[in-house]
Amino acid sequence: MESMLALITGCLVAGSIYLMLSRNLIHFIFGLVLAGNAVNLLIFAAGRPNGDPPPLIPPGQWAPVGPVANSLPQALILTAIVISFALLSFVFILFYRAYQELGTIDTETLRNDGPAAEVTPHSEDGA
Amino acid sequence: MSGWTLIPVVLPFAVAAASLLLRNRARWQTAIGMTGAALHLTAGCVLLWRVQRFGIQVLHVASWPAPFGITMAADHLGALLVVITGIVYTAVFSYSQADISPELRKNGYDPLLHILIGGISGAFLTGDLFNLYVWFEVMLMASFGLLVAGGKRKQLEGGVKYVVINLLATLLFLAGLGLVFAVAGTLNMAHLHQVLPSVPDRGLVAAISVLFLTAFGIKAGLFPLFFWLPASYHTPPVSVSAVFSGLLTKVGVYALIRTFTLLFPLDGAGLQNLLLAAAALTMVTGVLGAAAHAEFRRILSFHIISQVGYMVLGLALFTPLAMAGAVFYLLHHILVKANLFLVSGLSRQWTGSFELEKMGGIYRSRAVLALLFFIPAFSLAGFPPLSGFWAKMVLIRASLEAGQFGLAVVAAMVGLLTVYSMSKIWGEAFWKPLPAMDASGAVEGRRRLSAWSLAPVALLALMTVTIGIWVEPFVNLSMAAAHELMNPEGYVQAVLGGSP
C-alpha cells in the first residue's frame with residue numbers, strides 16, 4: 001500500500017514539475033493542482049495506512065479496542081483540501097483577470113519589473 | 001494557562017467581521033478599525049508584560065493537553081513581534097484613511113487588512129506546526145486580495161508572480177510538514193523538539209529541514225529565492241506595501257528562527273554553513289539591486305531583501321549574542337521599513353511620482369517630510385544613534401566573536417552601500433529641485449498631506465529615535481528572547497507542562 005502511494009506521489013510530483021516549468025500560466029495552474037494532490041497523498045501515506053479499522057469506540061467502552069487507524073492525517077488533508085480549493089479558485093480568477101488586462105498568459109512576456117524594462121527587454125533584473 | 005495569547009488573534013477577525021457588515025459606512029469602518037487596532041496593540045503589550053512577569057504564556061485550546069490539542073504559546077519573541085505588529089497595524093490603518101480610495105474601502109479593503117493582521121498574529125503565537133501552515137494560508141489569502149485590490153494592470157502582473165511563488169512555498173511547507181508527521185508522529189513544536197533528535201533516519205530529517213528552509217526562505221525573501229518580492233511589492237497602494245514589507249517577509253524570518261532553534265537546532269554542520277552563505281549573499285544581492293534601481297518603492301523592496309540577510313545572519317551564527325541581534329534587528333526593521341514605505345507614499349503625494357527622476361524639491365518645500373524620511377532611512381543604513389546602528393553593531397560584534405571576520409566585513413560593507421542608495425533617494429527626491437517639465441503637473445496633483453497619514457509616520461520615526469537613544473530595555477528584551485530561543489527547554493516545559 002505504501003509503496004503504491006509512494007509511486008503515485010512521485011508520478012504526480014514529476015508531472016506537476018513538468019507542467020509548472022511551462023511558460024503557459026494555465027499549465028502552471030494544473031501543475032499546482034497536481035502538486036497539491038501529491039502533497040495530500042504524502043500526508044495520507046505519512047499516517048501509515050495499513051488497513052486498521054476506523055477509530056470507533058464500541059458502546060460501553062472508554063477507549064478503542066485493539067489497533068485503530070490514525071485519523072489525524074485525514075483531518076490534516078481535509079483542511080489542506082479546503083484551503084487549496086479556495087486558493088485555486090482565487091488563482092483562476094486572478095489569472096483570468098490578468099489575461100484580460102495584460103492580454104497574455106505567457107510568463108516570458110510578464111517581465112515589466114526590471115529597471116527600465118522597456119528600454120532593455122533582455123535585462124535579467126528581477127524577472 | 002493564559003487566554004491573553006488568543007486575544008491578539010481573535011480580535012482582528014472579530015473586527016473584520018464587523019467591518020464587513022458595515023462596509024457601506026466609511027465612518028463606522030474607521031471607528032471600528034482604529035479601536036480594533038488600538039485594542040490589538042494593548043493586548044499585545046499586556047501579553048508581553050505577562051511574559052516578562054510570569055514567563056512563557058501557554059493556552060491549551062479547550063483544555064486538551066499538549067501535544068494532543070491545539071496549543072498557543074507566547075515566548076518573548078512571539079510577544080514582542082505581536083506588539084510590533086500592533087504598532088504597524090495601528091499606523092497603517094490610520095494611514096490608509098488618507099491613502100485608500102472610498103471605492104476600495106467599500107470593496108473590502110478594511111476586512112482584508114484585519115484578517116491579514118489576525119493571520120500574522122496567529123503565526124507568531126501558535127505552538128503547532130500545522131496551525132502555522134493554516135495561519136500562513138490565512139495571511140496569504142488576505143495578502144492576495146490586498147495586493148490586487150483595485151485591479152490595476154501593474155498590480156495584476158505583480159500579483160501573478162507573488163501568488164505563484166507563494167503557493168509553491170506553502171506546498172513545500174505542507175510537504176515538509178507531512179514528512180515530519182511521518183517520522184515523528186506529532187506536530188506540536190515543543191513535542192517535536194523532544195522527538196526529532198531521536199529519529200533514527202538522520203538523512204530524512206536533514207531533507208525535511210531543507211524543505212522547511214526552502215519554503216520559509218521563499219517567504220522571507222532569502223537569496224536566491226527573493227525575486228518575487230521586488231517584482232510585486234511596489235505595485236499595490238502604499239498602505240498595503242507598508243504592511244507587507246514590514247510584516248509579511250518577517251513572518252518568514254520568524255518561521256526560520258522558530259524552525260532552526262526548536263525543531264532542527266543548528267549544529268555547525270552543512271545546514272549552518274548554507275544559511276551563513278545564504279545570509280551573506282542575500283545582504284549583498286539585495287543592496288546591489290537597490291543600487292541599480294531608480295524607483296522609490298523598488299529601491300525599498302530590494303532593501304528588505306538585504307536586511308533579511310542581516311536577520312538570517314544572526315540566526316545562522318547561532319550564538320546568544322547573534323540571536324539577540326537578529327531579534328533586535330527584526331523589531332527595528334519592521335518599524336523602519338513600514339515607515340519608509342509610508343514616507344514614499346507621502347513623497348508621491350507631494351511630487352506626483354515614485355520615479356526618482358520625476359521627483360524633487362521636497363527638502364525645500366516640505367522640510368518636515370524630509371526629516372521624516374531622513375530618520376528611518378539613515379536608521380536603516382545604520383547611522384548612530386538611530387536604532388539601526390545598534391542592530392548592526394550587535395550583529396557585527398557577534399560575527400567577530402564567532403570568528404566570522406569575512407561576514408563582519410560583508411555586513412559593514414552592505415551598510416555602506418545602503419547609505420549609498422539612501423543618499424540616492426535623498427539627493428534625487430529631496431534635494432534636487434523638482435524637474436521643470438513636470439512641475440506644473442505635479443503641483444496640480446499635489447494634495448494636502450492629511451493628519452491621518454502624517455501622524456503615524458511621525459510616531460514611527462519617533463519610536464526609531466527612542467529605540468536608538470534609549471536602547472537598553474530593547475536590547476534586554478532581545479537578549480531575553482534570544483536566551484529562550486537558545487535554550488528551548490523552557491519553552492518545551494511550558495508547553496508540555498513538565499512531562500519529560
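1. Neighbours within four places in sequence aside, B:N339 is in contact (heavy atoms within 4.5 Å) with B:P376, B:V457, B:L460 and B:A461. Please keep in mind that this is a predicted model, in which local features need pLDDT of at least 70, side-chain atom pairs count only at pLDDT 80 or more, and totals for chains, interfaces and linings use all residues. Residues are numbered from 1 along each chain as its sequence is written, chains are lettered from A and ligands numbered from 1 in the order in which they are written, and side-chain values use heavy atoms, with hydrogens and water left out.

2. Staying with this residue, B:N339 belongs to helix α14 of chain B, residues 320-351; helices are DSSP runs of H or I with at least four residues, numbered from the N terminus. B:N339 counts as buried because its relative accessibility is 0%; buried means under 20% relative accessible area, exposed over 50%, and partly exposed in between, with a 1.4 Å probe and protein chains only. Its side chain reaches the backbone oxygen of B:V457 at 3.4 Å.

3. Now to the interface. Chain B brings 32 residues to the contact and chain A 39 residues. About 3,100 Å² is buried between the two chains, with carbon and sulfur atoms giving 77% of this area; buried area is the accessible area (1.4 Å probe) that two parts lose on being put together, summed over both.

4. What about polar links across the interface of chain B and chain A? The rule finds 0 salt bridges there, a salt bridge being a side-chain nitrogen of Lys or Arg within 4 Å of a carboxyl oxygen of Asp or Glu. It finds 1 residue pair in polar contact, both at pLDDT 80 or more; that term means a pair of N or O atoms within 3.5 Å, and within protein one must be able to donate a hydrogen and the other to accept it, while residues adjacent in sequence count only if both atoms are side-chain atoms. On the side of chain B that touches chain A, α6 (129-148) and α7 each supply at least two residues, and the largest share, 17 residues, comes from α7(B).

5. Do look at B:L168, which sits in helix α7 (residues 153-184) of chain B. Not counting residues up to four places away in sequence, B:L168 touches A:M20 and A:L32. At 25% relative accessibility, B:L168 counts as partly exposed. From B:L168 to B:W135 there are 33 residues in sequence and 16 Å in space, C-alpha to C-alpha.
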